[in-house]
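Have a go at each task before you read its solution.

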Amino acid sequence: MPLKALEKAAAQLRLAQTVQLSPTIVIGLGGSGTYTARRLKRLMELRYGLPPLIQFLYLDCDQNAFASKPELAEVMEEEVSLSIQNPEQILEDARRGVGTYEPMRDWLPDGLRVSILRNAIGAGGIRPVGRFAFFSQLPSFQQKFQGALRNAQAIEQQLETLLGERAGSIKIDPNQLRLYVVGSLCGGTGSSLFLDVAILVRHFIRQQAPNATPSVIGIFYLPSVFQNVPTLRTDLAFFNIILANAYAALMELEYFCDAETLRKNPLTFRYPHIGEITVSDAVYDEDFVVESFTPDGNRLLRAEEVFEMVARSLLADIGSPVGAQIRTADANIRTVLTMEPCPVTKKRRVIHGLGATSVALPVTELLERGALRIVKEFLADRLLGNPLPAAELDAEINSFLQTNRLDERGDRNDLLEALLTAGEEKFTYSRRRTREELEKEAGGSEVQQAQYVANWVENELNRIRTEVVPEADRIVRDRKLQVLQSAVGAISGKLQSLAKEKGLRAARSFLEQLIVVFESVQKELTNEQNEHETNVRPSLENQIANQVAFLRSLQGLWGSIKALGRVDEQAMETALNALEELGKKEVLAVARQHALELLGSETPIDGQPSLLKRLKDWLQQIDLAIAKAERVKKECDSKLSTRFQVTPTGSTYTLEQWVISPSEFDHWLERLGIKIDDASVNAMWQALGENWEQQLKTLNESSETNLLERLASSLADSLQRKLQGLNIMDVIEEKRRTDEKQRLDVIMGTMIRVCQPFWSAPKNPPGGTVYQFFSAFTVPIESQDDPRFREIQSLAEDLTRQYGYQPQFVHNGYPFAIDMVVRVYGARGFYLTSTEEMRNKYEQKRQNPQTAAMLHLDKRFLDLLPKLHPEAS
């Protein structure tokens, strides 16, 4: 699956000449029509990189038709779901002629069952069921279509908003409205809606835009498109229904495109909420039928490939000047078809065929490979990297701890000091008096001084316990969150720096070792705290108590005599020193206890996890991120090793040929300068997040696919700049000057040879008439004097001459492809060889009144409409 993130880089619209556009609405009917219309919109996004200026509507009974798929445009409130909550009640009201659904009685067949509509899984191949669903949801369709019509007519304002000054290069005729209706004539939904939708849109346009001249173009799939759908391949009975449906629908299509007959015998339809509409002219201006093969035997195996071909054909018609050339040719073609009707039926030949193919630069694939190579190298060498060697790791740890004052190992107390420091001042304890100051304050004899000091020491010890320790606790509590956040920020910054410089594995090895360091610090602080509480504090308190007791023992004459020997002074100094040491150690014990909580508390600190808890969580996230990055790298390897298959297995029709082969991709990437550089590395880091935690979150919460898309998306602008100036014409000219000339000629010849209409009509129609042909090439060169243009023109004209038509050459502003479209006009339904089998199944169903009632949209049609084959009528 291509990387969607690179679509912006591959999409380039260059308006190098005046372009003519008409307000356009594309309506997809049923599953196949919805798929085709959504794919067309997606191709417009891919090719031009702009929101499409075309309006889209999708109608289906199956809700799955609107589901998100990478190859299709998202459904942006453009759907009309035909599922119904109460179909049986509506059916009963319609049969009884009650309420707004009474007009359905005109055509409802007996025995119709509609309960399938409640499940939103389709119409079961039963055409009246699909029509019933549509009639039930007419207000929704009317509202959506009228909104689309308003938006289509406002295309000039949209262009000015989207393109600014470039909008002047586009000429709009707001009254030349074009509607494309795409669907199948085989199943239960598309084949049941094509007639009423055409009738109703013309009715709504007459009401809402009376000055508009609408052209309604139908593109309809026939049964061969679906013959390889697995469910149909094994269900022959259902495929027979599809064949019969297609024959009935083709009968209706030819009849309601016969303007002469309808003018003579107009037919009136009644619609709920709308009323009567009389049809007296052709409902479609052009009708294209599409099968899975061309007259020369080339085929597309899968239905989705056929849808792709039609979407590409419509892209050329709607999204380039080819459409204007087709419409210019249409006038002449219609004149010829009017003058040369079918010799057998004497009716106008209203069935047409189409085909499309292209030669292209595989820009998206080329850019995808370039982006994958860049992302892979980023993942391997920048994001993942390698672990730090032991010596470098130790140096990084030591430098980081010391630089950020987080070293608490051995004699270092950086963490405790940080907790105790408020502003510029570190909180600690120091005694407020020296011995001499206390003796002086006491006055009197040595005995009196000893008693005074003893009292002061006891009071100060009490103050340490009741004031100093609580104050230290308050300061440390106030500082703890700040210290924690500072440490987390420093570590986060270091990890981000290491990851950017040396990769996640280097950051992981640093983080793992840092956890070991802090766990050893935690153990060391715990031991110190236990030692303080068990030994240090009791020892100092005992020492103080002993000295205080001694000083108090100095009483009377004997005490005076003992004091004369300076024993009292020694006791005072010992008590004061022990007091000061105890005070300092008590302050440190407070800080140490909080440091232990900061390091490893199970309880959050003001809502924040402890440091080790945070670091271990990061380590787990890094492990997950490394595993995710390895899986994404593996995905890059897988995508890079995938071989491109331009033509799907079983198909013999090439929708697109590449001028640059996959084996040349790496060479062209080097030529374009698409490789990893500092700018791309920075862009990818930025795509992961602004900081370390955001980057980890992105890596871990994104799926592998989304992560790859995110990284590739960050490269899109750079890749687009490197594509500037690349043009398929330059590549072709360059290659034709080398030994690849023969290969290029084969590619061009194959494009022209296979680009035939997808239908089963014979090469020559019966009765001596001829088909009318239109073919065109889109080339990204404006001037016909350009040697490259003349070379392509000469080659194409030589190759197309054998098919009997003269191609036109149109500049379309898209630099990466040469598209070829072909239109063949002038068949009747019975010209198609495939209709013989359809006719047989139709006739079988007509023999049974119950199945015959389900063949046509309206029970009046059974006797009214002629068969496709004249002899059958």
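**Exercise 1.** How do the residues of the lining of the second largest pocket divide into nonpolar, polar and charged?

*Solution.* Keep in mind that you are working with a predicted model. Start by sorting the lining residues by type: 17 are nonpolar, 15 are polar and seven are charged. Remember that Gly counts as polar here. Next, look towards the middle of the pocket: of its 39 lining residues, the closest to the centre are Gly-31, Ser-32, Asp-62, Phe-226 and Val-229. Finally, note the volume of this pocket, about 980 Å³.

**Exercise 2.** Which helix supplies the largest share of the lining of the second largest pocket?

*Solution.* First list the helices that each give at least two lining residues: α2 (30–48), α8 (230–233), α9 (236–255) and α11 (303–319). Then pick out the largest share, which is six residues and comes from α2.

**Exercise 3.** Is strand β15 mostly covered or mostly exposed?

*Solution.* Find residues 772–779, which form β15. A residue is called buried when its relative accessible area is under 20%. Seven of the eight residues in β15 are buried, so the strand is mostly covered.

**Exercise 4.** In which sense do β15 and strand β17 pair, and over how many bridges?

*Solution.* Trace β17 along residues 817–827: β15 and β17 pair in the antiparallel sense, over seven bridges. To see one spot in this pairing, find Gln-772, which stands opposite Tyr-825 in β17. Now turn to β16 (residues 808–811), which runs parallel to β15 and is joined to β15 by four bridges. Here, Thr-778 stands opposite Val-810 in β16.

Conventions
Residues numbered from 1 in each chain as written. Predicted model: local features only at pLDDT ≥ 70, side-chain atom pairs only at ≥ 80, totals over all residues. Heavy atoms only, no water. 1 Å grid on protein atoms, 1.4 Å probe; cavity = no way out; pocket = protein on both sides within 12 Å on 5 of 7 lines; lining within 4 Å. Points joined across faces, edges and corners; volume = space filled by probe spheres on them. Buried < 20%, exposed > 50% of the residue type's maximum accessible area, 1.4 Å probe, protein only. Pairing = 2+ DSSP bridges.
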